[in-house]
Amino acid sequence: RNFDAVATDICCGAGFVRGLSAPGDVAITATTGSIARTADDLLNVSGRNLAFTAGTSFGPIGNLTATGSLAVDAATTLSTSGVSASAANGVAFTAGGALSTSSVTTTSGAIALTSTAASIATGTLSAGTDVTLTAATGITAGTLTGGTAGHGVITLANSGATSDIVLTGNVTTTASGLADTAAAITIDSHRDLFVNAVNLTTTGSGAIRLNATGTINLMAADICCGAGFTRSLDAAGNVLITGTTLTRSADDLMQVQGNAVSLITSGNIGPVGDLTARTGNLFVQAGPGAGNTIDFSGRTLTASAGDISLLAGGNIAVTRVTAPGGVITGTSTAGSYTAGALQDARAITLSAANGLDLSTVTTSAGLLSLTSTGAGADIVLRGDLTATNAGLLPTDAAIAIASGRDVRLNAVNVTASGSGGIRIDAARNFDAVATDICCGAGFVR
């Protein structure tokens, strides 16, 4: 039935230790009962391969150390909280109920934790190769490190539609030889995903993929004593984040960067932090409804060598958007597009149903096209427009502005440089100088 590792108290307080040690394998089975300890002292177990099988629960009997592999199988709950588990090769814990650990370490093998009907809560996990956490309900993960032997991937997944994944420690792995699109870190939550002021990093190679059926909160806990502190989500390959909404609830920032970066939701996307695509495209897509918005006010979006695409059914608000070698495309099918600072790229196309309100816009080797389709909305320019091109005909529009109502130039310059013309179409009014330049009449733009 039961195996009681410490059936009587060793002495006058908790934490005294006895040992069970062998140069060979150790196998302990409680066929219909538990593996646990009655007293408040510990039984440390060491050997080559360690195998524990409990017909009911497994408790934290003491530190577990294997020069080979370590396996624990419990029909109900499994806990190594307060003690350590280590193996040169793999560690595999499987529980029918809740599974909890403190420190778990492998030198050259994988760590695999599975709860078939309940949750997982971990301390620090460090694996020579892969780290895999699979739960029926929620996962709360501490610091996770994979690939300490040179290559490993980290995978977290839960299947319960009413439970979340919460990250309370940094998630880091080293991977070798993965394509930019192949995930080195995959986190898949069947409800929400909360990133509690931690970093996510892949080094060497590999993508970071985050997916949630509900909300992804990239800054769910405050870092410190004021606003604007940062954490990093940094992939050696690409970044792909998908969910219903993408947000941050704390006043700190998650800086997202990868070779290519894609954020896709069926709802809203909030200003989680700056976005940087180092070699590929930056793609941000909110839901198709009029209430589905993209808001990166105060943030910088950069594609160093690729294109930037912003697509939403509702309003789009950005500050600094730059794609020096690519194209910026911004489309709001039922809302407005607002930019508070410079947008610069090889070419730029912006379109919104309910108006454009823009600061400085510059293209270096392509067309600049601004369109507002709504009959009740205007195009308002608060900064200079400049388009540089070569080889355009005089009749080709280097700058094309079309508004469903008014076009208002708020004391700005509009310049087509090199070649090409300028075309401005307003369904109602064109106000060439909609605001005063300075303190008297006759100033010129």
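User: In this predicted model, is Ala 87 buried or exposed, and what is its relative accessible area?

Analyst: The model is predicted. Ala 87 belongs to strand 10, residues 85–87. Buried means under 20% relative accessible area. Ala 87 is buried because its relative accessible area is 3%.

User: Which residues does Ala 87 touch, not counting residues up to four places away in sequence?

Analyst: The contacts of Ala 87 include Ala 66, Gly 68, Ser 69 and Leu 70.

User: How far apart in space are Ala 87 and Ile 328?

Analyst: Along the sequence, 241 residues separate Ala 87 and Ile 328. The C-alpha trace of the protein chain spans about 95 × 35 × 35 Å along its principal axes. From C-alpha to C-alpha, the distance between Ala 87 and Ile 328 is 51 Å.

User: Why is the protein chain described as more spread out than a compact globule?

Analyst: The protein chain has 0 helices and 49 strands. For 445 residues the globule rule gives 22 Å, and the chain is well over that, so it is more spread out than a compact globule. Its radius of gyration is 29 Å.

User: What percentage of the residues in the protein chain is buried?

Analyst: The accessible surface of the chain comes to about 16,800 Å², with 53% of it belonging to carbon and sulfur atoms. Among the 445 residues, the buried share is 45%.

User: Which strands stand at the edges of the open sheet of 8 strands?

Analyst: The strand order is 9-12-15-18-21-24-27-30, with parallel pairing.

User: What is the bridge partner of Thr 215 in strand 30?

Analyst: Strand 27, residues 215–217, pairs with strand 30 in the parallel sense over 3 bridges. Within strand 30, the partner of Thr 215 is Thr 245.

User: Which side chain makes a polar contact of 3.1 Å with the side chain of Ser 79?

Analyst: Ser 79 lies in strand 9, residues 78–80, and is buried because its relative accessible area is 17%. Its side chain also reaches the backbone nitrogen of Ser 81 at 3.2 Å. Beyond its neighbours within four places in sequence, Ser 79 is in contact with Phe 58, Gly 59, Pro 60 and Ser 100. The side-chain partner at 3.1 Å is Ser 100.

User: Is Ala 36 buried or partly exposed?

Analyst: Ala 36 has its place in strand 4, residues 35–36. Apart from neighbours within four places in sequence, its contacts are Phe 3, Asp 4, Ala 5, Val 6, Gly 59 and Ile 61. The relative accessible area of Ala 36 is 24%, and therefore it is partly exposed.

User: What distance separates the C-alpha atoms of Ala 36 and Ser 163?

Analyst: Ala 36 and Ser 163 are 127 residues apart along the chain. The separation of their C-alpha atoms is 28 Å.

How values were computed: Residues are numbered from 1 along each chain as its sequence is written. This is a predicted model: local features need pLDDT of at least 70, side-chain atom pairs count only at pLDDT 80 or more; totals for chains, interfaces and linings use all residues. Side-chain values use heavy atoms; hydrogens and water are left out. Helices (H or I, at least four residues) and strands (E, at least two) are DSSP runs, numbered from the N terminus. Buried means under 20% relative accessible area, exposed over 50%, partly exposed in between (1.4 Å probe, protein chains only). A polar contact is a pair of N or O atoms within 3.5 Å; within protein, one must be able to donate a hydrogen and the other to accept it, and residues adjacent in sequence count only if both atoms are side-chain atoms. Contact means heavy atoms within 4.5 Å. Two strands pair if DSSP finds at least two bridges between them. The radius of gyration is taken over C-alpha atoms; the globule rule is 2.2 Å times the number of residues to the power 0.38. Accessible areas come from the Shrake-Rupley method with a 1.4 Å probe; for residues, only the protein chains shown count as cover.
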